[in-house]
Amino acid sequence: MARPPECSRRGASILTVVLFTVVIAAGNSVDVPSQPIELLTPSSSPVSPTPAQLPSVSAGLTTKRSGGGGDTSTPPSVERELDAARAAIRRAARRRRRDLGHGDGNVSTADSWFDAGVDSALLASVYRNPAAFHRSYREMERRFKVYVYEEGEPPIVHSGPCKDIYSIEGRFIEQLELLAPPAQGGRGGGVAAAAGVRTLDPARAHVFFLPFSVAQMVRYAYRPGTYDKTPLLGLVADYVRVVASRHPFWNRSSGADHFMLSCHDWGPEASMGHPELHANGIRALCNANTSEGFRPGQDVSVPEINLYDGGMPRQLTAAPPPPASARPFLAFFAGGRHGYVRDQLLRHWKGRDMEVFPVFEHGEHDQGRLDYYSYMRRARFCLCPSGYEVASPRVVEAVHAGCVPVIVSDGYALPFADVLRWEAFSVAVPVANIPRLREVLEGIPAAEVERMMQGVRLVKRHFTVHQPPERLDVFHMTLHSVWLRRLNFRLDQ
């Protein structure tokens with residue numbers, strides 16, 4: 001199949017991930033276990049990472065979903081593998097709970113790729129449960145298998161944008177499709193382990209990927225200015241009907257073990273093209289708005305990133321971020337009046353104190369003494385308000401600038417919140433509190449700001465795009481979020 005030329009052979013870039021374990025009630029029947037497992041219980045009751053009050057603990061790893069028809073069943077070996085992974089994660093979570101109050105809570109392991117050189121207290125504060133996440137990630141590397149449907153042709157399927165705000169669609173599709181099973185006897189490691197996630201044998205798959213791009217649908221099938229999304233819904237419906245008619249896997253689960261990925265604002269609506277996909281499927285979305293139907297326990301929040309020319313801006317990657325002592329600005333924002341949140345932010349704070357709290361409308365900062373990214377690198381806090389939709393690429397840009405993200409939003413389910421305690425490295429401000437924004441930030445002690453900046457430096461690895469993928473980067477964290485949701489239910493055999 002043809003490859004998207006703008007995606008191939010790109011260098012490093014940026015993105016993020018989470019670890020909920022919430023029971024998913026979809027399919028024809030659900031059997032909730034009587035003794036739920038708290039997979040990633042934090043060491044203390046966390047501050048809610050978003051105004052949406054995202055839960056920090058899952059309620060069960062063995063929910064059962066019955067098949068939706070067809071004459072095939074899930075191979076016993078597939079569910080046995082998942083059962084083994086669930087048991088291993090439970091054991092790690094129990095060890096973590098026993099250690100609370102008696103040790104540093106760090107991961108006792110020689111796996112330096114995860115915790116070497118990281119202060120144990122920082123690790124315990126940033127991750128909801130470091131031991132459970134580490135075990136879950138290792139189990140994913142060892143067992144997880146994804147089958148990619150081959151039906152369809154570019155540019156709508158097997159292709160996607162790689163140089164704009166929807167870049168994650170094209171990058172994820174390309175990176176997953178370029179993976180192949182590792183050679184027999186190959187050593188484990190970042191790339192080798194990643195390669196093992198894709199299987200060409202659907203009987204071994206734990207989940208099935210629908211490789212269509214909503215951004216490409218909008219580009220090629222939408223008539224500008226009409227706001228008529230019917231063609232998008234029709235394309236999604238046709239694709240699901242094709243794979244359901246040619247393969248038995250969709251029908252046996254009613255789509256519950258299938259996932260799509262979209263960073264376009266219309267991704268959630270496009271999923272409505274097929275009722276079972278919308279109701280039962282795992283939707284990996286940048287537009288993760290709980291007020292518009294995003295389900296944190298079933299869907300996956302994907303970081304939004306604008307790669308512009310195919311990579312992160314060099315201003316953010318050429319040199320290490322400066323320390324807090326070299327950042328004269330309390331906070332910074334520059335942008336247009338895209339949506340009511342930004343409009344409120346600019347009405348309250350535009351131009352009020354450019355020496356300490358610089359807030360610009362789009363284009364104004366270019367006439368000053370610093371460019372956009374220089375302001376980010378000189379600010380302790382970077383304001384990340386929602387635009388027309390909840391997600392903003394400023395969150396990832398702030399992380400790479402070493403700046404504490406300030407999430408100004410209502411209803412945004414933050415990426416990778418299953419795993420990460422966002423309150424440890426960001427500040428959440430409801431839209432109603434925009435008038436008090438400076439007061440809130442000035443009230444945070446300097447020691448706490450430094451601690452949050454340390455957390456930003458630690459989680460940067462989860463917001464980075466590599467080509468080919470590497471351990472713990474955005475590609476793998478997105479896969480890990482899908483893995484967790486597959487662990488959260490059990491298909492009847």
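**Ground rules.** I am reading a predicted model, where local features need pLDDT of at least 70 and side-chain atom pairs count only at pLDDT 80 or more, while totals for chains, interfaces and linings use all residues. Residues are numbered from 1 along each chain as its sequence is written, and side-chain values use heavy atoms, with hydrogens and water left out.

**Confidence.** I checked pLDDT, the predictor's confidence in each residue, from 0 to 100. The chain has a mean pLDDT of 83, and 78% of its residues reach 70 or more. Residues 66-71 fall below 50, and beyond near neighbours in sequence this stretch has 16 contacts in the model (contact means heavy atoms within 4.5 Å). Residues 183-194 are also below 50, with eleven such contacts.

**The sheet.** I noted how elements are named: helices (H or I, at least four residues) and strands (E, at least two) are DSSP runs, numbered from the N terminus. Two strands pair if DSSP finds at least two bridges between them. I then traced an open sheet of five strands with parallel pairing, in the order β9-β8-β10-β11-β12. Its edges are β9 (359-361) and β12 (427-429), each pairing on one side only. From one strand to the next, the twist averages 25 degrees.

**Strand β11.** β11 pairs with β10 in the parallel sense over five bridges, and Cys382 has Pro405 as its bridge partner. The chain gets from β10 to β11 through α15, in a right-handed β-α-β crossover (with the strands pointing away from the viewer, the path from the first strand over the helix to the second runs clockwise).

Helix α15 (residues 394-401) lies across β8 (329-335), β10 (379-385) and β11, at about 170 degrees to β10. Helix α17 (residues 446-459) lies across β10, β11 and β12, at about 95 degrees to β11. For these angles, axes are lines fitted to C-alpha atoms, for helices over the stretch in contact, and angles run from 0 to 180 degrees between N-to-C directions.

**Helix α4.** Eleven of the 14 residues are buried, including Phe133, Tyr137 and Arg143.

Most residues other than glycine have a negative phi, and most peptide bonds are trans. I found a cis bond joining Pro154 and Pro155, with omega about 10 degrees. Another cis bond runs from Gln467 to Pro468, with omega near 0 degrees. His158 has a positive phi near 65 degrees and is buried, at 0% relative accessible area. Tyr227 has a positive phi near 55 degrees but counts as exposed, at 64% relative accessibility.

Notes: Buried means under 20% relative accessible area, exposed over 50%, partly exposed in between (1.4 Å probe, protein chains only).
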